[in-house]
Amino acid sequence: MSARMVIVTGLSGAGRNSVLRALEDIGYEAVDNPPLRIVETLVRGDKPLAVGVDARTRDFSAEDVLSTIDRLQTRGCVRPELIFITASPEALQRRFSETRRRHPLALAGTVSEGIETEQALTRTLRNAADWVIDTSELSLAGLRQIIDQRFGLGGPGMSITLVSFGYPSGLPQEADLVLDTRFLRNPHYIPDLRDRTGLDPQVRDYIRQDPDFPEFFERVSGLTDYLLPRFVREGKKYVMIAFGCTGGKHRSVSLVEMLGSRLRNADWNVLIEHRSLGSRSAGGAWKAMPGAHQGAPMPGVQK
């Protein structure tokens, strides 16, 4: 079996260093910003490898990074995966302002100029990435948990993350499958339910009464029953399924909770994340995660 290798790249301030540290903590040998010409010499068969590459790397070019990955794949002794870490310009601006650091590509200019330059330099890598992680609204704890779920070594089979979100905040960039629940009846327009969430049984009962709900849930359940065993057979260790609605409070949360309960009863390893509520849970009970509230800045992102 080929060794596992993760190449981590992305935008300055988005959390690349935090991802490298998270990978190191779960057993990867982490090497940050080596010259591209020596990356192939770092591969060893006895330990998984994480390599950080960004626009500060000597002789950096997106094309050279992709050529290096192609050569590694051709050798067959390693199976490299490319992760691209990104965040919104607003989040990056805020982080550089909070840490009072200059952007590495705009030492004599503004942070926004550095962000735009780096986006242009790395656009090819983002398009080619196996996985894009948007950290704009992720806490450090949330980011580490995602890395552990997807890249943990020798874990208990495939992990499934179910995410609810509101469309105004944008789609979860790392989702493998996104389902829109906005066609279902909206509890927001019921005064007794407006201030509740999909964690409340009364909200879920109201949504279940929608004539379109039974067929929708049956089709979604059938789709997951079909896909998940095939993902396992393919060797996937992590899959994210996202449900969206207008505000991310009622319909998407309800569907995530209902599907999560069904999958847990079928003995799948399920993590639930409600992004608009700022919560995560594993196992059967919902619990808030410290520092995971919406819009929380990521501690330690100072690249």
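Which residue in β8 is the bridge partner of G166? I looked it up, and the partner is C245. A note to myself before going on: this is a predicted model.

**Entry: β8 and the strands beside it**

I started with strand β8, which runs over residues 238-245. I checked which strands pair with β8 and found β6, residues 159-166, running parallel to β8 over eight bridges. The G166 to C245 pair that I opened with links a residue to its partner in β8. Then I turned to β7, residues 177-180, and saw that β7 also pairs with β8 in the parallel sense, here over four bridges. For L179, I noted F243 as the bridge partner in β8.

**Entry: how covered is β8?**

Next I asked myself how many of the eight residues of β8 are buried. I went through the two faces in turn. On one side I listed Y238, M240, A242 and G244, and they are all buried.

I moved on to the second largest pocket and noted about 270 Å³ of space in it. I counted 16 lining residues, with S136, E137, S169, G170 and R275 the closest to the centre. Sorted by class, the lining gave me five nonpolar, eight polar and three charged residues. Which domains does the lining draw on? I found at least three residues from each of domain 1 (3-151) and domain 2 (159-274).

Notes
Residues are numbered from 1 along each chain as its sequence is written. This is a predicted model: local features need pLDDT of at least 70, side-chain atom pairs count only at pLDDT 80 or more; totals for chains, interfaces and linings use all residues. Side-chain values use heavy atoms; hydrogens and water are left out. On a 1 Å grid over the protein atoms alone, a cavity is a set of points where a 1.4 Å probe fits but cannot get out, and a pocket is an open set with protein on both sides within 12 Å along at least five of seven lines; lining residues have an atom within 4 Å of a point. Grid points are joined across faces, edges and corners, and a volume is the space filled by probe spheres set on the points. Ala, Val, Leu, Ile, Met, Phe, Trp, Tyr, Cys and Pro count as nonpolar, Asp, Glu, Lys and Arg as charged, and the others, Gly among them, as polar. Domain bounds come from an automatic or database domain assignment. Buried means under 20% relative accessible area, exposed over 50%, partly exposed in between (1.4 Å probe, protein chains only). Helices (H or I, at least four residues) and strands (E, at least two) are DSSP runs, numbered from the N terminus. Two strands pair if DSSP finds at least two bridges between them.
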